[in-house]
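Welcome! Here is a friendly briefing to read alongside the sequence and the 3D view.

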2 protein chains.
Amino acid sequence: MNAIRGARERARAEVTAAIKDEARRQLAEEGAARLSLRAVARELGMVSSALYRYFPSRDELLTALIIDAYDAIGSAAERALATVDRERPVDRWREVCRAARQWALARPHEYALIYGSPVPGYFAPEVTIAPASRVGLALVVVVRDARAAGLLREPADTAVPRAVAEDADRFTARLGLDLPAPVTAALVAAWAELFGLIGFEVFGQFNRLVEAREEFFDHAVTRLAEAVGLTDGDRKPTEPPPVL
Amino acid sequence: MNAIRGARERARAEVTAAIKDEARRQLAEEGAARLSLRAVARELGMVSSALYRYFPSRDELLTALIIDAYDAIGSAAERALATVDRERPVDRWREVCRAARQWALARPHEYALIYGSPVPGYFAPEVTIAPASRVGLALVVVVRDARAAGLLREPADTAVPRAVAEDADRFTARLGLDLPAPVTAALVAAWAELFGLIGFEVFGQFNRLVEAREEFFDHAVTRLAEAVGLTDGDRKPTEPPPVL
DNA sequence: CACGGAAGAGAGCACTGCTCTTGCTTTGCG
DNA sequence: CGCAAAGCAAGAGCAGTGCTCTCTTCCGTG
């Protein structure tokens, strides 16, 4: 009976996926603002009202695409995490950053959907916050593993304001980690800053300014890694990375 | 005759301004996606077609708002620049960053318009690039003045990749400046990273993560200033800023 | 003062998201 | 095996959108 009922649900899942695929296609061509339910339905050979069996509104469709996008960039970051030995934190950090950047450059509209302005009437329903943090968590893992391997420079000098330290400790506690507050603060900042770099490149703010995009990005995120306190031990400093 | 012809043009300018004001109002309430020409016209007591005497299309209206927004945040940054003595580069840097953040937090939708996803069918007409760089230029000024005052730590150690150095030198040359390439690279990166911090806060990515927003921001941008090489000389390090 | 050009009004086109009602098909239980 | 129920698509229709075109008004200008 599960298989039979499954038949219907599978059909439903297929149509749902087809709708999302087509929507994603139109998204890539026109951008979120120009995405039209009717056009999606038309392309799929159905009538617009039929679409509402699958998505209660256009905004819900967008939300679904948003979650998918967060998951996609998140898993790209996680895959990158796995490709580099945990004993080389700076390289690993850089590779995670690169994965995020590559994903963004390949799908600027999807990137805009999740890290640009919230398109419809402001939502960000709870469902999105888990997928939204996956890239950040990948960065956390890099730092956590680095610390375990003794490759995290402890910033004895720089203190952080108390309120910031409290936030930092609350954050690490929630994750069951134990990181110095200055490191956590730098990590969160670096996370946001990473998306500043990516966003400026994707949205064209670097036009006629930065030509050597990839080199610039690699260099900048390497410095971010250093700011967090990562080090590759006594290996030759950092700069020349394995160009992928 | 100029004054007489001015009569008509002044009327025109007034209506144009009224349209932009009303559009900005609706923008603040509903967001760019929901901004409607007809609604603007309705509110102003005219018919929608009349609006086209002033703006050839909805997108052109948005472009006008974009330019205004760039100018507004730019001049906020420049004003901040003037409030701090040029002999205290770190404070000055922080104040410029704060001004940008304050502006953004007060007008999230306008901020989204310029630093979020490009709403309509991708433009960024040449006209926008000058106003768009004003905040960045304010940061450049901080660094330039710091160097003049001998308050810029020269990063002897960190080298930058050649392509990055070339971009950096081209940039400084165009501005008639003379900065070490690593500084310039760090400066451009910090500029992008600043808007990563602001964007994440405005767009809610820091929700349930960073509570002490202001302290966190101040701390992060102070570290950015250090990364660029700014120092306040032998004054007490940096942290406690004049809370504004 | 007469008039030309700018400004507004209105109708209308093609489109949008969304709702509601009407039938058809599939499904799972008695 | 048959039938009620549930799932689904279709179509018409509503209110709204951006934008165009035509017609009229009217005011600043020479």
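This is a predicted model: local features need pLDDT of at least 70, side-chain atom pairs count only at pLDDT 80 or more; totals for chains, interfaces and linings use all residues.

Residues are numbered from 1 along each chain as its sequence is written, chains are lettered from A and ligands numbered from 1 in the order in which they are written, and side-chain values use heavy atoms, with hydrogens and water left out.

**Chain A as a whole**

- Chain A has 11 helices and 0 strands; helices (H or I, at least four residues) and strands (E, at least two) are DSSP runs, numbered from the N terminus.
- Read from the N terminus, the order of elements in chain A is α-α-α-α-α-α-α-α-α-α-α.
- Of the 244 residues in chain A, 51% are buried; buried means under 20% relative accessible area, exposed over 50% and partly exposed in between, with a 1.4 Å probe and protein chains only.
- Take the contacts in chain A (heavy atoms within 4.5 Å) between residues at least 6 apart in sequence: 73% of them join residues at least 24 apart.

**How helices pack in chain B**

- Helix α4 (residues 58-83) and helix α8 (residues 134-148) of chain B pack at an angle of about 20°, and their axes are 8 Å apart. Axes here are lines fitted to C-alpha atoms, for helices over the stretch in contact, and angles run from 0 to 180 degrees between N-to-C directions.
- That angle makes α4(B) roughly parallel to α8(B); the classes are roughly parallel under 35 degrees, roughly antiparallel over 145, roughly perpendicular from 65 to 115, and oblique for the rest.
- The crossing of α4(B) past α8(B) is right-handed. A crossing is called right-handed if the near helix is turned clockwise from the far one by less than a right angle, and left-handed if anticlockwise.
- Residues making this contact include B:Asp71, B:Ile73 and B:Gly74 of α4(B), and B:Val135, B:Ala138 and B:Val141 of α8(B).
- Helix α6 (residues 108-115) of chain B and α10(B) cross at roughly 135°, with axes that come within 11 Å, so α6(B) is oblique to α10(B).
- This second crossing, of α6(B) and α10(B), is left-handed. On the α6(B) side the contact is made by B:Pro108, B:Tyr111 and B:Tyr115, and on the α10(B) side by B:Phe195, B:Ile198, B:Gly199 and B:Val202.

**Two residues to look up**

- B:Glu193 sits in helix α10 (residues 181-202) of chain B. Although buried, B:Glu193 has no salt bridge, and the nearest side chain of opposite charge, A:Arg223, is 8.5 Å away. For charge, Lys and Arg count as positive and Asp and Glu as negative, while His and the chain ends are not counted.
- Apart from neighbours within four places in sequence, B:Glu193 touches A:Glu193, A:Leu197, A:Ala220, A:Leu224 and B:Leu224.
- A:Val183 belongs to helix α10 (residues 181-202) of chain A and is buried, because its relative accessibility is 1%.
- Beyond neighbours within four places in sequence, A:Val183 is in contact with A:Val143, A:Leu152, A:Pro155 and A:Val228.

**Salt bridges**

- The count over all chains is 42 salt bridges, each being a side-chain nitrogen of Lys or Arg within 4 Å of a carboxyl oxygen of Asp or Glu.
- A:Asp91 and A:Arg94 form one of them, with their closest N and O atoms 3.1 Å apart. Both residues are buried, and they are separated by about one helical turn because they stand 3 residues apart in helix α5 (residues 89-106) of chain A.
- B:Arg25 and B:Glu22 form a salt bridge at 2.9 Å, N to O; both lie in helix α1 (residues 2-30) of chain B. B:Arg25 is partly exposed at 40% relative accessible area, whereas B:Glu22 is buried at 9%.
- B:Arg24 and B:Asp68 meet in a salt bridge of 3.4 Å, N to O. B:Arg24 is in helix α1 and B:Asp68 in helix α4 of chain B, so the pair ties together parts 44 residues apart in sequence.
- In chain A, a network of salt bridges links A:Lys20, A:Asp21, A:Arg24 and A:Asp68.
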